[in-house]
Amino acid sequence: MQILSVQLENLRSYRKAAVQFVPGVNAIVGANGAGKSTVLSAIGLALFNTRPPGISGNDLVREGASNATVAVEFESALDGRRYQVERRVGNGQRYRAYDPEMGMSILAEGVADVEGW
């Protein structure tokens, strides 16, 4: 799997951000408290349903917002196609896998279905 991009909205210190990755090794750099770990945690939340220890879904939502959204786009090593997994925490929770090549059709929805997919 090659992660292509991560989009964050109202996640911890990020109001709205997009991180683009290039093929190969990527480095996430910045000052302490800049949000490097948040980007990595967002990838884990979306792709693997993991959270940092002691952190609930509501703890990830930016102060003043009602929910936070992470969208990770990646290229599958199995079939070479692009897919997107979206995870929303807080109010209006959502966990979906999409196929952008098929007009963002939903491939899986809900924790069990997305994890199984």
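Helices here are DSSP runs of H or I with at least four residues and strands are runs of E with at least two, numbered from the N terminus. With that in hand, this is a predicted model, where local features need pLDDT of at least 70, side-chain atom pairs count only at pLDDT 80 or more, and totals for chains, interfaces and linings use all residues. Residues are numbered from 1 along each chain as its sequence is written, and side-chain values use heavy atoms, with hydrogens and water left out. The chain has 2 helices and 6 strands, and from the N terminus on they run β-β-α-β-β-β-β-α.

**Overall shape**

- The C-alpha trace spans about 35 × 35 × 25 Å along its principal axes.
- Of the 117 residues, 37% count as buried, where buried means under 20% relative accessible area, exposed means over 50% and partly exposed lies in between, using a 1.4 Å probe and protein chains only.

**The sheet**

- The 6 strands form an open sheet in the order E2-E1-E3-E4-E5-E6, with antiparallel pairing; two strands pair if DSSP finds at least two bridges between them.
- Strand E2 (14-20) and strand E6 (105-109) sit at the edges with a single partner strand each, so one side of each has no neighbour in the sheet.
- Neighbouring strands of this sheet are turned by 15° against each other on average, direction ignored; the axes behind that angle are lines fitted to C-alpha atoms, and angles run from 0 to 180 degrees between N-to-C directions.
- E1 (residues 2-11) pairs with E2 in the antiparallel sense over 6 bridges, and Glu9 stands opposite Lys16 in E2.

**The largest pocket**

- The space in the largest pocket comes to about 330 Å³. On a 1 Å grid over the protein atoms alone, a pocket is an open set of points with protein on both sides within 12 Å along at least five of seven lines, a cavity is a set where a 1.4 Å probe fits but cannot get out, and lining residues have an atom within 4 Å of a point.
- Its lining has 15 residues, and Met1, Phe74, Leu78, Val114 and Trp117 lie nearest the centre.
- H1 (36-48), E4 (82-90) and H2 (111-116) each supply at least two lining residues, with H1 giving the most at 3 residues.
- By class, the pocket lining has 13 nonpolar, 1 polar and 1 charged residues; Ala, Val, Leu, Ile, Met, Phe, Trp, Tyr, Cys and Pro count as nonpolar, Asp, Glu, Lys and Arg as charged, and the others, Gly among them, as polar.

**The cavity**

- There is 1 cavity of 30 Å³ or more, and the largest cavity holds about 40 Å³; a volume is the space filled by probe spheres set on grid points, which are joined across faces, edges and corners.
- Leu11, Thr38, Ser41, Ala42, Leu45, Pro52, Leu60 and Val70 line the largest cavity.
- H1 has the largest share of that lining, 4 residues, and by class the lining has 6 nonpolar, 2 polar and no charged residues.

**Two loop residues with positive phi**

- Most residues other than glycine have a negative phi.
- Arg12, in the loop between E1 and E2, has a positive phi near 50°, and at 37% relative accessibility Arg12 counts as partly exposed.
- Met104, in the loop between E5 (94-99) and E6, has a positive phi near 60°, and at 35% relative accessibility Met104 counts as partly exposed.
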